[in-house]
Each structure stands twice: as C-alpha cells, then as structure tokens.
Amino acid sequence: MNQAQVPPILAAIDMGSNSFRLEIAHLQHGQYRRQDYLKETVRLGAGLDAQSMLTDEASERGLACLRRFAARLEGVPTRQVRAVATQTLREARNRNAFLERAQDVLGYPIEVISGREEARLIYAGVCRLQASEDPRLVIDIGGRSTEMILGRGTQPLKAESFQVGSVSLSMRFFPEGRFTAEAFRAAQVAAGAELEEALTEFARHTAQPRWRAALGSSGTVGAVAQILAANQLSDGSITLDGLRWCIQQCLEAGHVDQLKLAGLKEDRRAVVAGGLCILYTLLTHFDIDRLVPAKGALRQGVIFDLAARLDPALLGTGRDMREQSVAELQRRFAVDRAQAQRVQSVALKLHQQLLPKADEEQRRELGWAAALHEIGMMVSHHDFHRHSAYLLSHVDAPGFSQSQLRRLGDLALGQRGGLRKLDDQLRDESLTWQLLALRLAAIKCHARGQVDASAMHLSRQGLQVTIRMAKGWSDAHPRAHYLLREEQEAWAKLGRVQLELIG
C-alpha cells in the first residue's frame with residue numbers, strides 16, 4: 001500500500017436502524033488503527049409508521065445525533081469521510097426529505113446503500129480485521145435487516161440481505177414489552193419465513209461443508225454474546241443452549257421492564273427479544289453449532305473501502321471496486337465497448353472544457369455513465385435510454401450506493417430526447433454539465449466510428465455555452481450537425497442553458 005495516497009484520518013458513519021455509529025481510524029503499514037468511536041441509540045427503524053414514512057420524532061433523533069457527529073468531524077475533508085444509510089432509509093418513502101436535512105446538518109454526503117452492498121462492506125470489515133483463508137459464514141443482524149455472507153479470505157462469494165431485524169421483529173411481536181411463549185414461537189416462525197430462501201445458498205451441508213466457521217458481526221450478536229459471557233454460560237460464543245437460557249429468562253421475567261440480565265445494556269433491552277428469535281432461527285435452520293462474535297463490522301468495511309478508493313492498490317485489486325462493477329455490467333449486458341469508450345473519451349474531454357475544476361468524483365460518474373449509457377440495448381433498441389436508466393437505478397453493483405446509481409440512471413435517461421423529464425434533477429448544476437457533455441459526446445459519436453475529438457470545442461460563460469466546430473466539419477457531417485441543432489432547441493425549451501453553434 002502506498003501510504004502517501006491514504007490520508008492519516010478516515011471516517012465512516014453507519015446510519016443503522018437501531019444505532020448511528022461514527023468510526024475514525026487510520027491505516028498504518030496496512031494495519032487498522034482506531035482513533036475514535038462514537039455510538040448513539042437513535043432507533044430510526046422504530047420511527048417508520050405503517051405507511052413506511054419516517055416520523056418527525058425519529059427524524060429529529062437522527063438529526064440531533066448527526067449534529068454531534070459533525071462537531072467531532074469538523075475540519076475533516078469530504079474525501080476522507082463516507083456516510084452510509086441502511087435498511088430504514090431503504091424503506092422510508094420520505095427518505096429524500098430526511099436526507100436533504102441530514103446532509104445539511106452533517107456537512108457530508110450521505111449514501112443509501114443496497115442490502116447486498118451493505119453485506120459486501122460488512123464482510124470487508126470482518127475479513128480484514130479477522131483474517132482467515134478458511135471458508136466462513138458471516139452474519140450481521142441489524143435493526144431491520146439481516147445480512148449473510150459466504151466468503152473465503154478477502155473474497156465474498158455470496159452476499160444477501162433479508163428484511164428481518166431485531167427492531168422490526170420486536171415491534172411486531174413484543175410491541176408492549178410482554179414476553180410470552182406464543183410470541184417467541186410466532187416471531188421465530190416469521191424470521192424463518194423470511195430467511196428460508198437463504199437455506200439453499202448458506203446452509204452448511206455436512207457432506208460437503210460450505211463453511212467451517214460462523215461469525216456474527218455488530219450489535220445484536222455482540223449484545224447476546226455479552227449476556228452469555230457475563231452469566232458465565234460461554235466465552236461469548238453463541239449456542240442454542242445459551243439462546244434457550246436467554247429466552248427462558250425473558251419468559252420468567254414476563255415483561256421487558258422486569259428483565260434482569262447481567263451484561264444486558266439498557267439500549268438493547270427493548271430489542272433483545274427480536275434479536276434472540278432471529279439468532280435461534282439462524283442456528284437451528286443453518287446448522288450453526290457455534291456463532292463467534294466477529295471483530296469487524298460495516299463501519300470498518302466502509303473505511304477499508306474508502307481507503308481503497310483513494311489508493312486502489314490497498315485491497316490488492318489495483319482499481320476502485322466501482323470500476324470492476326462497471327466492467328462486469330458491460331460484460332453482462334453485452335455493451336458495445338468500443339462505442340462506450342469513444343463516448344466516454346469525448347464526454348470527459350468536453351466536461352473538462354465546461355468545468356475545468358470539477359470534482360474528481362463528478363468526472364468519474366460521467367465516465368461510468370458513458371461506459372454504461374447503452375446497457376438498455378440488451379432489452380430493446382427502442383427507447384434504450386429508458387431501459388438503461390431503469391437498469392442502472394435498480395441494479396446491484398458492488399461499490400456503488402443506491403444514490404449514485406440513481407444519478408447514473410438520470411444521466412442515462414437524459415442522454416437523448418427532451419429534457420423536461422429531468423427538470424427537477426437539473427437544478428443540480430453539476431448534473432447539468434455532466435449531462436450536456438454526455439449528450440454532445442453521443443451526438444459526436446453517433447456514426448459509431450472513429451472520431452476526431454478535437455473537432456468540437458466548448459467554452460462557457462455562466463449558463464451560456466459556445467460549441468465551436470472545426471472548419472468544414474459541419475459540411476462533412478450533416479447528420480451530426482442536424483442533431484446539434486436539435487440539441488440547441490432542446491436546451492432552449494428547458495430555459496436554463498443557452499447553446500451557440502459556430503462552424
């Protein structure tokens with residue numbers, strides 16, 4: 001690893017359904033060193049109402065926590081911080097309104113990541129803080145989702161997310177804090193119904209075991225492990241006997257307020273029953289005789305991933321995970337790579353002329369959008385840009401957040417045709433210049449042959465853009481010149497950017 005490429009401080013914010021966590025660390029000679037760790041129980045997941053709307057009370061709890069995190073991060077450059085949000089904000093119908101306020105309060109972008117991306121990052125944290133070449137099963141029970149990952153060494157082989165968590169299950173089956181045998185049985189059945197589809201991929205199978213050890217990451221596993229260790233029932237490893245003992249203690253208490261368990265922290269009391277039910281279901285269904293608490297978790301995985309973006313050699317791949325995902329999507333959807341490369345090259349050159357001091361991430365987004373702008377061709381040539389937009393907005397692509405994939409989808413949607421469909425999105429001026437560069441590059445490369453990128457040059461003053469064509473180019477390329485005239489009209493109808501054609 002090139003230490004000069006990785007800043008001394010990296011920070012990750014994990015906006016989970018039960019807790020928000022801030023981890024600040026640095027990597028020294030490849031070794032992980034924590035500098036600070038803050039955790040607050042926010043219960044964001046408990047604030048989703050029946051219509052999947054985040055309540056004002058839950059929003060305010062989240063914003064208050066982020067204000068405190070912002071104070072701790074004051075002065076840390078944006079490129080050294082990554083904030084990710086998980087299942088609750090994947091579900092919340094009003095998440096955009098919350099995210100807008102949250103980003104203002106925090107002062108850094110917030111990414112909503114998919115369940116599979118969450119699982120990948122969890123494994124990245126575990127495998128690098130608890131190295132092993134043995135095949136392993138890693139489980140992370142969150143507030144509203146459970147992630148399961150099969151991996152060997154640093155490579156995740158299978159990663160999935162399931163919509164059942166300690167908060168959601170506790171709210172549904174123990175809403176008033178009462179513990180009954182019937183409620184525990186019903187909760188276990190519900191957890192089993194959600195996790196049943198994972199049996200094919202994640203069960204151990206004694207004849208040819210898929211994994212040799214099972215590790216549990218993050219809050220729920222850590223909380224139950226502490227209870228078992230504090231009561232001298234195990235060294236912290238979770239077993240069926242230990243879970244039965246915990247459940248029996250709950251039943252004898254009868255109510256969460258009466259539950260007296262050594263090692264049970266107050267912030268876990270309200271969700272412990274749901275967590276026990278998921279753990280019991282996992283151990284029985286997946287033939288897990290011993291679940292060992294893992295050292296790593298999502299937040300450490302985010303830091304490793306962030307460091308790899310700054311120095312791709314860190315994880316041994318030589319490039320950002322997102323570059324690998326783009327290449328895989330091109331392969332999967334049989335993209336014409338030569339055409340994609342032409343459009344990408346021209347688009348980046350034009351974008352440099354429009355916005356010479358653009359953020360590097362904006363340029364990379366444009367490059368990825370150009371590389372994938374035609375993936376919708378696999379569905380249909382007719383309106384392929386709409387198919388491209390849908391695929392990019394919904395595909396699972398390791399390394400990308402849902403937020404960034406939607407931005408790539410917006411660029412793909414806007415690559416051709418009218419611009420009114422992106423009226424709201426184009427209030428973001430950075431997206432405007434990305435889109436203009438992509439649209440002009442698509443026109444320039446319309447004939448799908450070799451192009452002279454220097455034949456088109458852009459200059460800009462505010463929202464006025466002059467397109468200068470090399471002498472004789474318009475006469476030699478009448479169809480492309482016709483498309484440029486249409487482009488001029490399209491932006492004129494939108495009423496924001498004014499294009500002038502010369503040559």
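Predicted model: local features only at pLDDT ≥ 70, side-chain atom pairs only at ≥ 80, totals over all residues.
Begin with the largest nonpolar core, which has 58 residues. Select Leu436, Leu440, Met456, Leu458, Val465, Ile467 and Leu484; these touch the most other members of the core. Next, display helix α17, residues 429–444. This helix gives the most to the core, contributing nine residues.

Now centre the view on Val465 and show its surroundings, setting aside neighbours within four places in sequence. Val465 is in contact with Leu354, Trp433, Leu436, Leu458 and Ser459, and also with Arg460, Val497, Gln498, Leu499 and Glu500.

Keep Phe174 and Phe179 in view and turn to the aromatic rings. The structure holds five aromatic pairs. One of them joins Phe174 and Phe179 in an edge-to-face arrangement, with 5.9 Å centre to centre and 70° between the planes. Phe174, Phe179 and Phe184 together form one aromatic cluster.

Finally, colour these three residues by accessibility. Are they buried or exposed? Buried means under 20% relative accessible area. Phe174 counts as buried because its relative accessibility is 6%. Phe179 is likewise buried, at 7%, and Phe184 is buried with a relative accessible area of 3%.

How values were computed. Residues numbered from 1 in each chain as written. Heavy atoms only, no water. Core = buried A, V, L, I, M, F, W, Y, C linked by side-chain atoms within 4.5 Å. Buried < 20%, exposed > 50% of the residue type's maximum accessible area, 1.4 Å probe, protein only. Helix = DSSP H or I, 4+ residues; strand = E, 2+ residues; numbered from the N terminus. Contact = heavy atoms within 4.5 Å. Phe/Tyr/Trp six-rings, centres within 6.5 Å; stacked < 30°, edge-to-face > 60°.
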